[in-house]
Structure formats: structure tokens, C-alpha cells
Amino acid sequence: MSNGAMITLDALAKRFQGPAGLVTAIDDVSLTIAEGEIFGVIGRSGAGKSTLLRAINLLERPDSGRVLVGGVDLMGLAPDALRLERRRIGMIFQHFNLLSRRSVFDNVALPLELAGLSKGEIRARVLPLLELVGLSDKAGQVPAKLSGGQKQRVGIARALAAEPKILLSDEATSALDPQTTRSILRLLKDINQRLGLTIVLITHEMSVVREICDRVAVMETGRIVELGSTFDVLTRPTHPLAREIARGLEPELKLDQLFGDRFSALPVPGGSTLLRVAFSGPHAESPVIAELVRRFNVDLNILSGTIDHIQGRPYGVMKVEVTGAVDPVIGHLKSLELGVEVLGYVRSALRTAL
Amino acid sequence: MSEALLEQLFDSLTDTLLMVGTASLVALLLGTILGLVLFATTERGLWRQPATNRVLGALVNATRSTPFIILMVAIIPFTRLIAGTSIGTGAAIVPLAVAAVPFFARLVESALREVDRGLIEAAQAMGATPRQILAKVLLPEALPALLRGLTLTIISLIGYSAMAGAVGGGGLGDLGIRYGYQRFNPTVMLAVVAVLIILVQLVQSLGDLAARRLQKK
């Protein structure tokens, strides 16, 4: 797969007339999505990600800027030409948007009917697609009889029917349970690899991004505030929102609940220090903690720890309480290119008792 | 019950069925089109024509707020233009249709509004033309609701048709008023009411059955 630009958004802007005046949905967004890439856009609801996604097939026409898909400037097209281009861009939805009175087969056939294919041609395309999404035995069912995950599989088969180059995913797993979400994400990844499809997905769940995205953009009030490889954004977020979303994946540790009155935001003489250590890079898998204890003669109390693989690379986060001289410890961790952050301080339990 | 009464009942029923049936067909045809236009021409519709929408909306409301007996008399010139006469069962069909078209059109409009906007969006994303969205998405998805609307329209028309006598039309209502009420014959009145009840019940049951069938599919 070549790595040319499949989608280029250039200085897009879109404002809506809301009940309380003009609302800026997209604020000067420019980005390029490569062919064959899985690109995620994450943000809270109302951040403008849905509008941004819909700008790619012009379901929402931006007020200004350019939308290039496969080199074609969509905003310059006449309605008929735009409709033809849209057939090359599949789309799946949070609430599936299947026609309730059509069977699974006929739902998948719809884009082909619209394109004017014959019954025979439609059959020849729909059946392999149903097989691809694992629903061959449900062809005659109506959507109401299917589970959420099965409905989304029908949605995916339908989106692929016209053999698009791009798949837009609008919170496609947000209405599904975690297990079903994983199976749908695996299917998307599989399609991406087998068909070389470019996928753009919007979500508010970092776990979705971590699972399949190559790159991710973090959006807030219509702007992209951070953009990079999934690994970088998750492990070294710079923008506060990106950091908050990335940290959302870690086990929650309520320090003030854990330590009560002993917790302090400022250093306490004779107390201990709470550190968050992020393991990535060359030393992600070295026995760092044991070495710290030996070399710096400190006490280490592990509060929480996770190890994860993001895009196939190991990434771990550990929260520890360090009693003793903390500065050399921090210096050493930094020299190993590990992420270190002071979360707070804890007064000595002994002292409080006295 | 005398044979003469039975014969009259049968004739009147035929007249009612003719008036209601024809008016319903017209309503189905023109009302569907008008309903589609009302639905599509709104500010966020498939075929934005806010001015057209406002004018048609006002026209529909005006027709619907005119009591049928007044409407019937008020449009006599129009009736004469269409039916060639303003008197008789055939002439009564015109005002019945004129009343039924906007009535059904509103029901069509609301049935289309009930269709999830997401389905329209999905079809647009597939590159569907407005006409395809109408034919392949909106109408099929709204079909059960459209059928219930048609049932309601037919039943309302059965009620309206009772006033056809005012312009010299026949039908069950006319029979009940002239023979049952004005000649003070309770047997005729009861018989007419009984036939009307059975007729309405029948239409409702058939409509429900058909709508249920469609919904299941």
C-alpha cells in the first residue's frame, strides 16, 4: 500500500446557528490522512468530531476550506458528481441506521441498488460480504432480530458493498458492550489490512484508539489540540485534555482517599513522595524498580501498576510511594528516558500518630 | 325489518362506499404527494423551499379548520367544475376529497417525520438521490404509519359522508337523517347506525391487520 494522502482537509471551518448564538463546530482544522491508515479523532461530545467526520463526505458542508478525497476537491463538485464520490466513501454509525423493513441481505444490497446494479451482480457482491462479517446465516432476518454487534456487522457489510476506498466510523462501538466492541474493532482492523481500506473513526473512548488506530487527533472546541502516533499521544501527551484522556485508561487511584489527611500537595519534611513512572522507550522492560531500591537505598511501596501494549510496543505505568531521598531517584529515572511525574506527598504515618 | 328497508340500506351502503372509496383514492394519491412536499420543503428538508412550505401549510390548515358542512357549500363552484353538477352522490365526492387530501397529507407528513433522520443520513452517505431516498428509504420505512393514517382517513370520510345529503347526495347518513330522524322512524335510524358501526369496525380491523403484517415482515 502506498502512503500517499487519501484525505486532505485544508483550513476547514464550520459554524452553526445554535440556540445561544453561533457555535463553532470546526475551527481551522487542517490534516492529512494517508492511504491505508486507521486514523482516530477523539474528544468529548460537542468537541466537533462528528462535524469533522461528516465534512469528509460533505454530509456537513464546511463554511470554508477544502476537502480533498483521493485528490478530488469535493466541495467543487456538482451534486451528481458528489453523489458518485460518496459511493467511494463508506460510513458506519453509532445507532447502525439499518432499514427496519429490509432483511439483512437487502440492507447490504441497498448501496448497490442505488448504484443501479442488476440482481445477479448484487447477489454476487452481498453474499461474500455477509461471509466476511460472519452473518451468512442471518441473510433473511430483519435487523430487529439481531444483537447490537450483529447490527453493526450488517452496517459494516453495507458500508463495504460499493467497494469504497475509505470507511468513516461515527462512534461505531459506543452503543456496544466491551466484548462486542473488541470483536467489531478486530473486524475493522482485519478489513483495513485485507482490503487496504483507509479508516477514519471518531470516538470518545481512548480504548478504541489504543486498540486499532495508527494515529490519533485530540479535538477540543472545534480545534485539533494534539496529533500524533497513537503510541506517542498515549504515552507522552502534551495537551492537558490529551493527558486527561490518556490517563483515563489507567486504574483510578484516589490519592486523597488512600492517604486521607496524610496526603499533601506540597513537600512534607520527613514524608514520602508519590511518583507516577511511565515505562516506554528502550528501558520499558528493564527491571528498573529493583535497581532503584538497591542503588539509592530508598523504600518503595507500589500503589498500582499496569503494563500494556500499544501498537505492539510495551507501555507500563506504575504509581509508587518513595520514602527516602527522592531527587536522585527522579534523576535516574529521567536518565533512562522514563516519564516521571510527582503526584504529591504523604506525611509519615508515625509522625501523625505521635 | 321490511324488504324495502333492506333494499334502501343496501343502496345507501353502496352510495357511501362509492363516495368514501373514491375520495379515499384521491386522498391517497394527492395527499401522499402533498404530504411529501410538506415534509421535504421544510428548512432542514431534502428539497428546501421554506416559502412553498409556508403557503401549502397555511392552505392545509385553512381547509382543515373549515367545518365540512361549510366547506361543502363554499366550494360548490369548484364542485360544478369537476363533477359537472353540484347535486347528487357524484358531486358529494368532490368536497369529500377536498377535505380528505389535506387531512391525509398531514398524516403522511408526520409519518415521514417519524422515520429516523439517521436513515436519511445513511442513504445520503451512500450517494442516494433525493428521489431514491424517498422511494427506497422514507416511504418503505413509513409504510405501517402511512397505512394507519389511511385507515384513519377512511373512517373520518365515513363520518363526513353522512353530510352528503346536504347537497343531495345519498349514502347511509342521508338515509338515517331523512327516514330515521325527519320521518321519526327509529328502526331505520338504528339500522343505519348499526351498519355504520360495523363498517367502521371493519375498516379499522383491516387497517390494523395490514399495518401489523407490514411491521413484522
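In what order do the five strands of the open sheet in chain A stand? The order is β11-β15-β12-β14-β13, and the pairing is antiparallel. This is a predicted model.

**The sheet**

Two strands of chain A stand at the edges: β11 (263-264) and β13 (299-310). Each has a single partner strand, so one side of each is left without a neighbour in the sheet. Strands of a sheet pair through backbone hydrogen bonds. In chain A, β13 pairs with β14 (residues 313-323) in the antiparallel sense, over 11 bridges. Within β14(A), A:Val317 is the residue that A:Thr306 stands opposite.

**A helix with a buried face**

Now take helix α9 of chain A, residues 240-247. Which of its residues are buried? They include A:Ala242, A:Ile245 and A:Ala246. Seen down the axis of α9(A), the buried residues fall within an arc of 100 degrees, so they line one face of the helix.

**Where the chains meet**

Chain A and chain B touch. Each gives 18 residues to the contact. On the side of chain A that touches chain B, α2 (79-86), β6 (89-93) and α3 (104-114) each supply at least two residues. The largest share, four residues, comes from α3(A). The table divides the residues of this side of chain A by kind.

| Kind of residue, chain A side | Number |
|---|---|
| Nonpolar | nine residues |
| Polar | four residues |

Key:
Residues numbered from 1 in each chain as written. Chains lettered and ligands numbered in written order. Predicted model: local features only at pLDDT ≥ 70, side-chain atom pairs only at ≥ 80, totals over all residues. Pairing = 2+ DSSP bridges. Buried ≥ 20, exposed ≤ 12 C-beta atoms within 10 Å, placed from the backbone. Arc of directions from axis to C-beta. Contact = placed C-beta atoms within 7 Å. Nonpolar A, V, L, I, M, F, W, Y, C, P; charged D, E, K, R; others polar.
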